[in-house]
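Colleague: Could you walk me through this model? I would like to start with a pocket and then turn to the strands.

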Amino acid sequence: MSDKPTVLFICKHNAGRSQLGAALLEVAADDRYTATSAGIAPAAEVNPSIAATVAELGLDISGRTPRKVTPDQLDEADVVVLMKPGLDLPGTPSGRVLQWSFPDPDSWSPDDVRPMRDAVAARIQEELLHP
């Protein structure tokens with residue numbers, strides 16, 4: 001059992017926003033947190049543009065598999081970050097819940113994703129790492 005807080009990022013498909021959030025926390029947190037992600041209706045693969053912009057920071061997430069959020073994950077997470085407000089979760093989170101609102105980058109290019117990547121990184125700094 002880890003004494004590091006677990007942060008669970010959730011979006012609709014676990015292909016873009018939630019993968020981005022978890023990866024950015026991994027990069028920025030210096031192993032102080034366990035970062036994970038899930039979705040309501042998982043896609044088949046991680047959004048290639050999201051993976052490309054994360055790779056620019058030195059982390060390869062292209063081989064990660066989107067997965068469905070479970071009640072156990074909601075119960076075990078210390079912090080749940082909803083990357084889209086109003087998601088229909090399969091249970092009630094037991095930890096702190098943050099509701100962020102980022103657009104779905106489904107058909108975006110890496111150039112389109114970079115400003116969102118930087119905005120998500122800023123929110124992580126402000127609300128998770130240096131609240």
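Modeller: Gladly, with one convention to begin: Ala, Val, Leu, Ile, Met, Phe, Trp, Tyr, Cys and Pro count as nonpolar, Asp, Glu, Lys and Arg as charged, and the others, Gly among them, as polar. The model is predicted, with local features needing pLDDT of at least 70, side-chain atom pairs counting only at pLDDT 80 or more, and totals for chains, interfaces and linings using all residues. Residues are numbered from 1 along each chain as its sequence is written, and side-chain values use heavy atoms, leaving out hydrogens and water.

Colleague: By class, which residues make up the lining of the second largest pocket?

Modeller: A pocket here is an open set of points on a 1 Å grid over the protein atoms alone, where a 1.4 Å probe fits, with protein on both sides within 12 Å along at least five of seven lines; lining residues have an atom within 4 Å of a point. Among the 14 lining residues, His 13, Ala 15, Asn 47, Asp 104 and Asp 106 are the closest to the centre. By class, the lining has five nonpolar, four polar and five charged residues.

Colleague: Which residue in β2 stands opposite Leu 8?

Modeller: Strand β1 (residues 6–11) runs parallel to β2, joined by six bridges. Opposite Leu 8 stands Thr 36.

Note on methods
Pairing = 2+ DSSP bridges. Helix = DSSP H or I, 4+ residues; strand = E, 2+ residues; numbered from the N terminus.
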